[in-house]
There are 2 protein chains.
Amino acid sequence: MDTFALKKAGLKATLPRLRILEILEGGGDRHLSAEDVYRALLDAGEDVGLATVYRVLTQFESAGIVERHNFDGSHSVFEMARGPHHDHMVCLDTGQVVEFFDEEIEKRQHVVAAANGFDLLDHSLILYVKRKR
Amino acid sequence: MDTFALKKAGLKATLPRLRILEILEGGGDRHLSAEDVYRALLDAGEDVGLATVYRVLTQFESAGIVERHNFDGSHSVFEMARGPHHDHMVCLDTGQVVEFFDEEIEKRQHVVAAANGFDLLDHSLILYVKRKR
DNA sequence: ATGCCTGCAAAGCTTTTGCAGATGC
DNA sequence: GCATCTGCAAAAGCTTTGCAGGCAT
């Protein structure tokens, strides 16, 4: 199962790590805060500490297994780093998160960076939106 | 002077507020953390509290006098809301901040939001870059 | 067996808040 | 004079770290 992904990252396949992977892969919301993951573990009857959740998520991030985002300035959210790159829009009314990818935006970012004498290493794009009515 | 901008925002023209405006407008770096502003005040011999700096910056943000950004997840930086909208690229080697504006990116953001049934209210775009060599 | 992990509690950082005194108008 | 504002200290919220015991290999 997921033990492989962990071993590949040089991480022992411990119970907390496997459970956290399950939660991130689970069918629900795919963008979870550390607190969200912690609560989900408690709800599932698991006995893990919040500190472990933070440690594991940080390790997963370093290993490229999950991505960390900052939709608002106050806390991080994590999602499985499955598949190709995408950015996010966040509904300010409901908190709903929608993923999107726009080739043109991606391209322009490289152009803009190059025009200023830089190489583009990474970027963060978040659209704050509201449902149309 | 700047007293006008403050009055217009319904804020009394107090010494701390005027000094903070001066620092933000001053010739140096235009993207300052609360701590940066606080340090600059101390260096200038002013006797203000860090709490006041935070309060004033937050009030300025509400009044539209300054903008708050989160270049990294760990703290906010502030800049005067002078002139037209722009985004930022941050050099991961030096911390240098470069402002830019790209019409095409701006346009596509609206298109993408609309395509998902949303109105675009705001956005945050940060390019993480490295000087070319 | 041994070195990596974990839970707990404590600490760290940035930011906010309560309160009594000070200040602008 | 009165409401607003400020400094200080304390607290809050998120995240990290130290440590002693526990687990995977």
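This is a predicted model: local features need pLDDT of at least 70, side-chain atom pairs count only at pLDDT 80 or more; totals for chains, interfaces and linings use all residues.
1. **Two helices in chain A.** Start with helix α2 (residues 15-25) and helix α3 (residues 34-43) of chain A. Their axes come within 10 Å and cross at roughly 110°. That makes α2(A) roughly perpendicular to α3(A), because angles of 65 to 115 degrees are classed that way.

2. **What meets at that crossing.** From α2(A) come R19(A), I20(A), I23(A) and L24(A). They meet V37(A), A40(A) and L41(A) of α3(A). By class, this contact has six nonpolar residues, one charged and no polar.

3. **The largest nonpolar core.** This core has 24 residues. Those with the most contacts inside it are M89(A), L127(A), M89(B) and L127(B). Both chains contribute: β4 (87-91), β5 (97-100), α5 (103-115) and β6 (118-131) of chain A, and β4 (87-91), β5 (97-100), α5 (103-115) and β6 (118-131) of chain B, each supply at least two of its residues.

4. **L127(B) in detail.** Leave aside residues up to four places away in sequence. L127(B) then touches Q109(A), V112(A), L120(A), D122(A) and H123(A) in chain A. In chain B it touches H88(B), M89(B), V90(B) and F100(B).

5. Another core, of 20 residues, lies apart from the largest one. Among its residues are A34(A), F60(A), F78(A) and M80(A).

6. **The buried side of α2 in chain B.** In helix α2 (residues 15-25) of chain B, R17(B), I20(B), L21(B), I23(B) and L24(B) are buried. They cover an arc of only 160° around the axis, so they sit on the same side of α2(B). Their cover includes α1 (3-8), β1 (32-33), α3 (34-43), α4 (50-62), β2 (66-72) and β3 (75-80) of chain B.

7. **The buried side of α3 in chain B.** Here the buried residues are A34(B), V37(B) and L41(B). Their arc is only 65° around the axis, which puts them on the same side of α3(B). They pack against α2, β1, α4 and β3 of chain B. After α3(B) comes G45(B), with a positive phi near 80°.

8. **C91(B).** Is C91(B) buried or exposed? C91(B) has 4% relative accessibility, so it counts as buried, the cut-off being under 20%. C91(B) lies in strand β4 of chain B. Its C-alpha atom is separated by 6.0 Å from that of Y128(B), 37 residues apart along the chain. Not counting residues up to four places away in sequence, C91(B) touches F118(A) from chain A, and Q96(B), V129(B), K130(B) and R131(B) from chain B.

Key
Residues are numbered from 1 along each chain as its sequence is written. Chains are lettered from A and ligands numbered from 1 in the order in which they are written. Side-chain values use heavy atoms; hydrogens and water are left out. Axes are lines fitted to C-alpha atoms, for helices over the stretch in contact, and angles run from 0 to 180 degrees between N-to-C directions. Helices (H or I, at least four residues) and strands (E, at least two) are DSSP runs, numbered from the N terminus. Angles under 35 degrees count as roughly parallel, over 145 as roughly antiparallel, 65 to 115 as roughly perpendicular and the rest as oblique. Contact means heavy atoms within 4.5 Å. Ala, Val, Leu, Ile, Met, Phe, Trp, Tyr, Cys and Pro count as nonpolar, Asp, Glu, Lys and Arg as charged, and the others, Gly among them, as polar. A nonpolar core is a set of buried Ala, Val, Leu, Ile, Met, Phe, Trp, Tyr and Cys residues joined through side-chain atoms within 4.5 Å. Buried means under 20% relative accessible area, exposed over 50%, partly exposed in between (1.4 Å probe, protein chains only). The arc is that of the directions from the helix axis to the C-beta atoms.
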